[in-house]
Amino acid sequence: MKAPISWLRDNVALPPETNTAMLAEQLTKVGLTVEHIETTGSPVTGPLVVGRVLSIVSEPQKNGKTIRYCRVDVGKALNDTATGDHPASRGIVCGADNFVEGDLVVVALPGAVLPGGFAIAARKTYGHISDGMICAEDELGLGDDHSGIMVLAAGSAEPGDNAIDLLWSSDEVLDIEVTPDLSYCLSIRGLAREAAIANGVTFDDRYRAHLPEPVDGGHPVVLESERCQAFVALTIDGIDPTAASPSWMVERLRASGVRSISLPVDVTNYVMLESGQPLHAYDAAKLQGPIRVRLAQPGEKLRTLDGQDRALDVDDLLITDDSGPIGLAGVMGGETTEVSDDTTSIVLEAASFAAASVSRTFRRHSLPSEASKRFERGVDTQLGHVAATRAAKLLTEAGGGKVTAGTIVGAATAPRSVKLRSGLVSSVLGTRVDQEEIIRLLNAAAIPVTVLGDLLTVTAPSWRGDLVDPYDVVEEIGRHVGYDRIGLRLPVPADTHGLDPRIRDRRAVLRAVAAFGFTELLTLPFTSEDEIERLGIEGDDHRRQLVRLANPLAETQAYLRTTLLPGLFDAVARNVSRSLTDLALFEQGRVFFDGGPAVAPRPSVAHRPSPEELQAIEEALPEQPNTLAAVVTGNWRPAGWWGAAEAADWTHVVAFAECAAESVGVAMTRRNVERAPWHPGRCAELSVNGLVVGHAGELHPGVVGAFRLPEHACAVEINLDLLLAQSSRGGQIGSLSAFPLAKEDVALIVDDSVAAADVQAALAEGAGDLLESIALFDVYTGDQAGDGKKSLAFALRFRADRTLTDGEAAEARQRAVKVAVDRFGAVQRA
Amino acid sequence: MSGPNDNFDPKQVAALDAAQIDSFVTDALAAIAAAPTTAELKQVRLNHAGDASPLALANREIGALPPQARKEAGRRVGQARGRLTQAIAARQAELAEAELSAALIAQRVDMTLPVDRGPRGALHPVTNLIDEMIDVFVAMGWQVADGPQLESEWHNFDALNLAPDHPARALQDTLWADPPSAGKLLRTQTSPVQIRAMLERGVPLYVISPGKVFRADEYDATHLPVFHQLEGLVVDKGISMADLRGTLDHLAKEMFGDVSTRMRPHYFPFTEPSAEVDLQCFVCHGESVGNPDRPCRTCRSEGWIEWGGCGVVNPRVLTACGVDPEVYSGFAFGMGVDRTVMFRTGAPDLRDFVEGDIRFSRSIIGGAR
């Protein structure tokens, strides 16, 4: 809401010492945040002066044009000195011919800059030096008129006068954020009331103090829907709609961000901005039969003022006549009854429409307007007649004619009252506000209150539709008391918990992988079917169960992600394009798996929903697990003075997964599987306690190509919720034996297809309790292992709560080997 | 007891002659002093004090002396050997120290060489800030709650007192799952987590809910369609706006040092009364206001930074969650995490938060590598 200060002061007598900055602070303090203070005024800078045309010489040109060489008196200080050829003046070439010698004109002298950055300089043209420019209205940004030079009224100024001061008055404009509850402040009237309260002066409500005379005999109006509470229609006969709007009105509209269009439109806008009551003007001659306010019928159409044909919804509230719909109530009028230059009689509408209805209609038709914005938030239901009367007065003052009849149907909503204990105010605000102060503050806001002991009965004025609950009244009092009066108190819960384990564990995981060398990113969680295709995800893979958005930000990203990988791939591409090629990236976030079309019920909010209702909501929501994923490309370790580079490979993404698991105290196991988007021979399935939690490995070359990733890029993706559910709280610690370690190494030849991890597990199982640790220290394939075979060498370390004999360790080793031999046909290598 | 040995050969015991021994000692001491390295000293020791050294050989002859001479010879040889051992030890220490000094000098490395500990990772600044804020509240005994991001319309709007045609729904342009009639949407705020917390945990309740929120908003330097909020909710007996002010002021001081906060009346459907909270500028402390010589980039010389929204929980919200507003009252607040990172770090462009350039997350540790 833009509020020109002059307009505000016109509506309330503020103390002279209250300057604009103070007023802005006062309004901000009561919840009307002043975001900017603009200064209106001249769009022209530099010398712009009044000139008197002394002489005009017409000079036809070869190109068919006729130019006029003028000598213009621009005042003593600015004129060139007189010569034999001409008196003291300036020479200016001009193409227009709508002025004569002796006219007062506006002259932009060299150094002036006109709207649009048009800089004036002396220049040689048509054989003369043109030392400035005689201006037309549009060149000064004053209007659209380029029909000719702007000629000032004779005697209205003297040559050399500053034309900027003459043409523009300077005003300050408050740009105010009006919250939905304070809808009455979408008007100068409402803001003036707030300014009056803040300054402790009385507010003389122009729209309440002088109620208009009753009217009758106007255009018939029938209300056929309860969504229209009241309708005022004033008939104005004998008006000239082409008459100019008063310049003060045009200027205030412009300062408020509204363009001047025509007298009827300007007046309805002006009164709406001033009072908060939207108005609409119909050409009375074009109305066919009574105005009926009703809901649309199936199949009805309306061409609105913007020239759009609109198919109406049966939920749309309409203004109709015998011809059918003539307007979308409270949103926009129709074309057939629009006021035109030929109009002589106007029917002026000032009505009250139900907020929710207007809200749905303007959204449905994407027609936000100043009118619908006000109706949606609630318009003072007692305002119609007085606002229409004021508009009619302004119309007839400028355009002639008079109000000949009027119709008033419906009635203002009955005032609502709210009861509350006065103690509630202090207990909610947390500062003492006694009953006397409460009453004083409410009275200042013109809110009637009656008192019975501790019980207050507050009657909401017609413009205060927001006062419904006791807490609304508390807020009203609070914002006038001022929130800085409230003290500081730090509440302490009686029952404390510490950091929730799940959040502590998630934090541990993120910190561990970051410490390990991975950089966290947060990407946008949208994806496309194409991305899933490019990942090579096929068949009934659950990552194809995409949740589609009804109104995506971009049609190319219309789904919610089921995997974090495409987002990371995008980030890889961006980094690579910026020459950052050695990457170890990760993201933690939710992915979404469509669970079908179940509707999430919307139970009553009058009480707590039943367990069944809550369960039905949960079941309708898709599964959306927290997921952790990482990608590596380029070098894990760059070449440096320490030696050659170490390329990033699958081991680093596996290490990422193990690091994550270990940070919550669990071990991860792996086995080879085939799964998109990984290389079929280089993908590990990751499990914790036998539960599959994710996958890691080198990406499929096809995927690397499809996402333009660096070759051999590797990735890992883990269901973090599943991993964290396995988190071990603390684990177990036994006694630490100080007896000597017995070392036994063993090399086994097995088929290539046998997993090293399985062989290790077999050895560990066979070795029994004496085994302290086991580690694979060599893998050999080649002639000595045999075709299709590999040799795996393990270091077994035994320890007990006594010194083991050589025999005991050797025996344990033999048992270990036997299990591996039995299970995999392993052959012990000599 | 054996009789005296008369059969000694005076020729053979010349080695035990005092002059002879002195000459051995003189030679040996000269050699020890001359040994340039500990390695050569070792050879000197073998030569002059080893098993085949003249003194050792002389020592063997003592047995051949007449008993009356043995004592004298033994003493003489013993003293000589003692002198040598002492001299060798002293020289050894001297040489070893010199050699160590030389070695330490030779072993010097340039300790400013870069070290390699693999790639440097970093958490996203948003994650770090959320963690920091969590710690402030957990220290006061609050809980942290999480909830679905694809949320029900009931949790995101209805229960928060946003009626179906409520104008505030328009303020938060919502991303809906298809079809919208199924009542599922990407949460526009973290407030539905507060509803869940009340329903699941009951009251009294002190909880924060940090997380991602979604709006059908612009994507530019100052707007993201996906960003992060941290909201807090207290429901207990006797809670007022003073508790809210105290909590926000405490949070501000924990995060930004000696700054204050202020509240301006505002409107939110889920709180009544509602307010916006401003943070006193933690850089200029308001000194840039009206002081063009000392402009402040952080608060744009306004002295205050818009931080978030807050208010007393609307009793209708408590009712929808089965909490009796006659017994309990509460407050709620929320702020944008990304925006807080922005004004705290000076990060100029919100798009950098989600575009994944590694330099963004690593900025905090001083660059890309």
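Helices, of at least four residues, and strands, of at least two, are DSSP runs numbered from the N terminus. The legends below describe a predicted model.

**Figure 1. Overall form of chain A.** Chain A contains 21 helices and 42 strands. Its radius of gyration is 41 Å, well over the 28 Å that the globule rule gives for 830 residues, so chain A is more spread out than a compact globule. Among the contacts in chain A with a separation of 6 or more, 71% are accounted for by residues 24 or more positions apart.

**Figure 2. Domains of chain A.** The chain is divided into six assigned segments or sets of segments: domain 1 (2-41 + 170-199), domain 2 (48-167), domain 3 (221-410), domain 4 (418-485), domain 5 (502-725) and domain 6 (742-828). Domain 1 of chain A is built from two stretches of sequence, 2-41 and 170-199. The C-alpha centres of domain 1 of chain A and domain 6 of chain A lie 85 Å apart.

Figure 3. Chain B has 13 helices and 9 strands. The C-alpha trace of chain B spans about 135 × 55 × 45 Å along its principal axes. Two domains are assigned in chain B, domain 1 (12-106) and domain 2 (125-365); their centres, taken over C-alpha atoms, are separated by 88 Å. Buried residues make up 45% of the 369 residues in chain B. Of the contacts in chain B between residues at least 6 apart in sequence, 67% join residues at least 24 apart.

**Figure 4. The contact between chain A and chain B.** Chain A contributes 96 residues to the contact and chain B contributes 84 residues. On the side of chain A that touches chain B, the largest share, 7 residues, comes from helix α13 (residues 501-516) of chain A. By class, this side of chain A comprises 52 nonpolar, 21 polar and 23 charged residues.

Figure 5. An unreviewed UniProt entry places the feature "binding site" at B:Glu272. This residue belongs to strand β7 (residues 271-280) of chain B. B:Glu272 is buried because 27 other C-beta atoms lie within 10 Å, the cut-off for a buried residue being 20 or more. Leaving aside neighbours within four places in sequence, B:Glu272 is in contact with A:Asp469, A:Tyr471, A:Asp472 and A:Glu475 of chain A, and with B:Gly311, B:Val312 and B:Asn314 of chain B.

**Figure 6. Surroundings of B:Leu199.** B:Leu199 lies in helix α8 (residues 191-201) of chain B. With 18 C-beta neighbours inside 10 Å, B:Leu199 counts as partly exposed. Apart from neighbours within four places in sequence, B:Leu199 is in contact with A:Leu614 and B:Cys321. B:Leu199 and B:Ala320 are 121 residues apart in sequence, and their C-alpha atoms are 9.3 Å apart in space.

Technical notes: Residues are numbered from 1 along each chain as its sequence is written. Chains are lettered from A and ligands numbered from 1 in the order in which they are written. This is a predicted model: local features need pLDDT of at least 70, side-chain atom pairs count only at pLDDT 80 or more; totals for chains, interfaces and linings use all residues. Two residues are in contact if their C-beta atoms, placed from the backbone, lie within 7 Å. Ala, Val, Leu, Ile, Met, Phe, Trp, Tyr, Cys and Pro count as nonpolar, Asp, Glu, Lys and Arg as charged, and the others, Gly among them, as polar. Domain bounds come from an automatic or database domain assignment. UniProt positions are given in the numbering used here, feature names are shortened, and annotations may be inferred rather than shown by experiment. A residue is buried if 20 or more other C-beta atoms lie within 10 Å of its own, exposed if 12 or fewer, and partly exposed in between; C-beta atoms are placed from the backbone. The radius of gyration is taken over C-alpha atoms; the globule rule is 2.2 Å times the number of residues to the power 0.38.
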